[in-house]
Amino acid sequence: MTRGGRGWLAIILAALAVVGAEAAVRLGPAPPAAATAGTAPSTTWLCPHGGGPGWTGTVEIANPTGATLDARLTSYADGAVGTPKDVSVPPYGEVLHKVDASARAASTRVDVFGGWAAVGWVVLGGAKEPGLGAEPCTSTPGQRWDVVDAVTTQRSHSFLVVMNPFSIDAVIDVTLYLPEEPPVRSNAWTDLTVPAGSSVALPIGSQKVGALGQSIVGVEVTAARGRIAVASAVVRDSGGIRSSLASPGEASRWVLPITGGTGGATLSLLVTNDTGIRFTAQVLARGVDPSAIGDLTDVRQGGSSTTSAQIPTEGASAVVVETEDGTVTAGLRAAGHGGDDAATGGVTTDAPAWVVLPSAFGLDPVPSLVLVNDGSTKVQATVSLLHEGGGSVANTAEVTIPAGQTAAVPRSFLARDHTAAVLVDASGPIVALGAGATGSGRYAMSLGVPIPAGALPDAP
C-alpha cells in the first residue's frame, strides 16, 4: 500500500472510532452475557429487623436440603457495618445466630452459599420496651415497598427500617397515606439518600413529616436509584412491639393467615391509585365453609388512602381479600394474651412447599402453625422439624387441609422443639404461617417462606 493510501486508511479508521464511541454513549454499555446457572445456587437475604435499647435479635437460617450450607452474616445500623460472621448450616437443620439489635435501624444481610435456605428474624424488646417480633427476611430487594401497619398516636411509635447493603447510594421517596386526608409527602423524605452499606430508621411520627395522631398510616417507599429492603417496627409505651416486612407492591388478591392470638384481628388496606377500588373480605377457618364478612362485602375504598377494619377470627384462620377493579396492599394485626400484639403482611401466591421459621422465644413458649388451603380440592401435608443439630429429617406428622379451609398443626407436635423450623411438604398449593406466644404475654406471627421449585434436589 502506498503512503497516501495508508494516510487515507488512518483517517477512515479514526472516523469510524469516533462514530463508534458516539454510538456507545447513546446506547450505553453492552448487556452482559447471560450467566450460566450453577448446580449450587447462592442467595442473599436482607433482614431489616430493627431494634432498640436493650433489644436482642436472632437471625434464623433453616436448611431443608441434604447438603451443608455456608452463610455469612453482616450487620448494619446508622452507617456502621459490623464484622461479617461465618456459620455452617447442617443438612436438614438450622442455625439460630444472635445479631445486634440495639438500634432502631439495626438490620442484617445473610449470604447463603451452596444451596437454598430460608432466613428470618426474631427480636425481643428490652425491659423498657417488652415485646416479641418475628418475620421472614427477603431475598428480592426492590424499588418499591408498601407498609400497612404504621401508627402515629401519642403512645405508639412507628419506624421505617430502610436497608441498603449494596455498593451504591439509594435515593428514596416516602409517601404517607391516611384514612381520610390527602397523602403526605415531606420535603425531608423526598430524594432522601440512604448511603451505600447502611440502614436507616425513619420515625413516621416525626413532626417534620406532618402526619401525627393517626391510628393507621400506610406508607409507600420508592427508590429512584438503587434497591432496598423495608420493614416497619412499632413500639408502644404501654408495652408491646410489632415487626413486619413491607410488601413489594399491590395485588388484586391477598391471603392473610392468623393463629395463636386471642381471637379477632385488624385488617389494614392501602390504596395508592387516585380512583380507589372495590373489595370483599372473607374468613377461612377449620371445619366451616368460607364466611363472608357482612360489613366488608363489595366495599368501596377511596383512592390514595389507608383503611382498617375489625375481622372476626378464631383459632387457626385466614382472611382472603379480593378486589374487583384495582389493586391493594393488605396486612393483618392480631392481639396476643397480654399487651403485645403481632402483625404480618399477606401473600399473593401459594406454594406446595414451605419453611416456617420459629417465633416462640421467651418464658413458657407456645408455638402454633396454620396451613391455609384456599383451593377447591383437599390437600395432604407432611410437616417435619428442622432442629439446630440437623443431620436428618425426624419428627414428622401428617395434616389434612380441606378445600377452602384451614388446619392447625398439633401443638403437641410443635412443642417437641419450639425453636425448630418446620418443613411443610404438601400435595397441593397452600399458605403457611407460624406464631409464638409466651407466658410473659409476648406474641408474634411470621409468614412461612415458600420453597422455589427445584430448590430441593436432595429433599427426602
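Modeller: Gladly! Let us begin with one side chain: Asp86 has a relative accessible area of 52%, and because exposed means over 50%, Asp86 counts as exposed. Do keep in mind that this is a predicted model.

Colleague: Which residue forms a salt bridge with Asp86, and how far apart are the closest N and O atoms?

Modeller: The partner is Arg72, and the closest N and O atoms are 2.7 Å apart. For a salt bridge, the general idea is a Lys or Arg side-chain nitrogen within 4 Å of an Asp or Glu carboxyl oxygen. Arg72 sits in strand S3 (residues 69–77) and Asp86 in strand S5 (residues 85–89), so the bridge ties together parts that are 14 residues apart in sequence. Arg72 itself is partly exposed, at 36% relative accessibility.

Colleague: How many salt bridges does the structure hold?

Modeller: There are 15. One of them joins the side chains of Asp146 and Arg144, at 2.9 Å from N to O. Here Asp146 is buried, at 2% relative accessibility, while Arg144 is partly exposed at 26%.

Colleague: And Arg242: which residue does it bridge to?

Modeller: Arg242 forms a salt bridge with Asp341, the closest N and O atoms being 3.2 Å apart. This pair links distant parts of the chain: Arg242 is in strand S17 (residues 241–245) and Asp341 in strand S26 (residues 341–345), 99 residues apart. Both Arg242 and Asp341 are buried. Arg242 and Asp341 do, as salt bridges link them in a network with Asp149, Arg236 and Arg333.

Colleague: How many bridges pair strand S2 with strand S8?

Modeller: Seven bridges, in the antiparallel sense, pair S2 (residues 56–63) with S8 (residues 118–124).

Colleague: Let me try a single residue. Is Ser198 buried or exposed?

Modeller: Apply the same rule: buried means under 20% relative accessible area, so Ser198, at 3%, is buried. Ser198 is in strand S14 (residues 198–203). Leaving out residues up to four places away in sequence, Ser198 touches Tyr76, Gly79, Val162, Met163, Asn164 and Pro165.

Colleague: Last topic: cavities. How many of 30 Å³ or more does the structure hold?

Modeller: Three. With a cavity, look at volume and then at lining. The largest cavity has a volume of about 110 Å³. It is lined by 16 residues, of which Pro358, Pro367, Leu414, Ala420 and Val422 are the closest to its centre.

Definitions and conventions:
Residues are numbered from 1 along each chain as its sequence is written. This is a predicted model: local features need pLDDT of at least 70, side-chain atom pairs count only at pLDDT 80 or more; totals for chains, interfaces and linings use all residues. Side-chain values use heavy atoms; hydrogens and water are left out. Helices (H or I, at least four residues) and strands (E, at least two) are DSSP runs, numbered from the N terminus. Buried means under 20% relative accessible area, exposed over 50%, partly exposed in between (1.4 Å probe, protein chains only). Two strands pair if DSSP finds at least two bridges between them. Contact means heavy atoms within 4.5 Å. On a 1 Å grid over the protein atoms alone, a cavity is a set of points where a 1.4 Å probe fits but cannot get out, and a pocket is an open set with protein on both sides within 12 Å along at least five of seven lines; lining residues have an atom within 4 Å of a point. Grid points are joined across faces, edges and corners, and a volume is the space filled by probe spheres set on the points.
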